[in-house]
Amino acid sequence: MISIPHKAKQFGVFLIKLLIVLGAFYFIYDQLAHNDQLDWEKFIALVEEKQSILGILFLLSFSIANRYLEILKWQNLVSYIKPITVGESTKQVLGALTAGIFTPNGLGEYAGKALYFDKKKTKKIIFLNLICNGIQMFFTIVFGTIGLFILGYWHWALAIVGLSIFFILFSFLSKKVKIKGYSIEKLLVKLNEIPKEIHTKNNILALARYLVFSHQYYFLFLAFDVDLHYLTMMATIATVYFLASSLPSFQFLDFAVKGSVAVFFFGKLEVNEWIVVFISTLMWFLNVVLPVVIGSYFVLKFKPKWN
């Protein structure tokens with residue numbers, strides 16, 4: 001086996017980290033600068049008309065709460081393996097978010113978080129991250145389905161309920177069937193090994209995070225003078241978030257996917273298209289771009305655990 005000099009390894013790691021950060025910033029710039037749907041002059045004029053320091057801080061507080069709840073979720077789940085501080089959890093969550101910005105549906109986050117731990121713990125970390133994202137998706141599906149019912153998309157909602165029932169029954173009947181050594185039964189055993197207190201806290205934090213994110217969306221629409229009934233607005237937001245999250249996408253294209261779905265549903269409610277696009281872009285900027293900027297620092301400071 002060829003031995004790679006220590007200095008060469010260090011340079012290689014530094015180069016990879018630098019490419020990740022530069023790539024993240026390039027993709028963010030490219031999406032903001034070359035999106036034909038964004039009329040920046042109109043947006044700046046509206047912001048100047050409604051500028052409010054308190055309003056901006058209010059909306060930013062939702063982004064901080066959103067990521068902080070995710071950090072607490074990860075800290076809680078990782079405590080099953082070993083206790084970590086909020087600061088360590090912050091590094092892992094934001095660093096992994098930055099590393100996963102180029103990958104479909106943020107899959108790179110799984111590898112990003114695993115790099116902070118010993119190689120022998122990789123499978124456990126990936127499994128915990130699956131639980132972390134899985135419970136978030138569960139609430140997205142539940143509220144999204146309720147939203148479809150409220151908006152009158154009965155066929156879609158019933159189809160989702162039907163598919164969910166089919167999946168549950170199929171999982172129960174085939175729980176002993178193994179695929180590459182894994183089975184539903186084995187997955188349930190692994191889930192039950194984690195203390196109920198950790199699962200309960202994870203569920204509460206995931207629900208709180210969903211409510212924070214969806215209400216940030218709601219208050220942004222209010223800021224842009226979109227006057228719709230609260231229930232109608234929240235049902236539409238839940239539907240958009242659910243359907244957009246179900247589509248394959250990259251983090252750096254997240255606003256484009258959610259924006260196109262949002263334009264369709266809010267268009268049915270006669271909301272101006274450019275307002276919908278801008279709000280989707282702002283949500284992406286506040287909840288992805290800003291955390292990625294901070295996460296870039298942690299990526300550059302990262303020291304691999306693997307030898």
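## Pockets, a cavity and helix packing in a predicted model

The largest pocket is lined by 26 residues, and of these Gly134, Phe138, Ile141, Phe167 and Ile168 lie nearest its centre. This is a predicted model, in which local features need pLDDT of at least 70 and side-chain atom pairs count only at pLDDT 80 or more, while totals for chains, interfaces and linings use all residues. Residues are numbered from 1 along each chain as its sequence is written, and side-chain values use heavy atoms, with hydrogens and water left out.

A volume is the space filled by probe spheres set on the points, with grid points joined across faces, edges and corners.

The volume of the largest pocket is about 1,100 Å³. The elements that give two or more residues to its lining are α6, α7 (154–173) and α8 (184–193), where helices (H or I, at least four residues) and strands (E, at least two) are DSSP runs numbered from the N terminus. Helix α6 provides the largest share of this lining, 11 residues. By class, the lining of the largest pocket has 19 nonpolar, six polar and one charged residues; here Ala, Val, Leu, Ile, Met, Phe, Trp, Tyr, Cys and Pro count as nonpolar, Asp, Glu, Lys and Arg as charged, and the others, Gly among them, as polar.

The structure also holds one cavity of 30 Å³ or more, and about 30 Å³ of space lies in the largest cavity. Its lining is formed by Asn66, Gln136, Arg209, Tyr210, Phe213 and Tyr241, with the largest share, three residues, coming from helix α9 (residues 196–223). Three of the lining residues of the largest cavity are nonpolar, two are polar and one is charged.

Two packed helices are described by the angle between their axes and the distance between the axes. Axes are lines fitted to C-alpha atoms, for helices over the stretch in contact, and angles run from 0 to 180 degrees between N-to-C directions. A crossing is left-handed if the near helix is turned anticlockwise from the far one by less than a right angle, and right-handed if clockwise.

| Helix pair | Angle | Axis distance |
|---|---|---|
| α3 and α6 | about 135 degrees | 10 Å |
| α6 and α9 | roughly 50 degrees | within 9 Å |
| α3 and α9 | about 165 degrees | 9 Å |

Angles under 35 degrees count as roughly parallel, over 145 as roughly antiparallel, 65 to 115 as roughly perpendicular and the rest as oblique. Helix α3 (residues 53–78) and helix α6 (residues 122–151) pack at about 135 degrees, and α3 and α6 are therefore oblique to each other. Their crossing is right-handed, and the contact, meaning heavy atoms within 4.5 Å, involves residues of α3 including Trp74 and Leu77, and residues of α6 including Ile131 and Gln136. The residues of this contact of α3 with α6 divide into eight nonpolar, three polar and two charged.

The axes of α6 and α9 cross at roughly 50 degrees, which makes α6 oblique to α9. Helix α6 passes α9 in a right-handed crossing, and among the residues in contact are Gln136 and Phe139 of α6 and Arg209 and Tyr210 of α9. Gln136, Arg209 and Tyr210 also line the largest cavity.

For the pair α3 and α9, the angle is about 165 degrees, and α3 and α9 are therefore roughly antiparallel to each other. Helix α3 passes α9 in a left-handed crossing.

How values were computed
1 Å grid on protein atoms, 1.4 Å probe; cavity = no way out; pocket = protein on both sides within 12 Å on 5 of 7 lines; lining within 4 Å.
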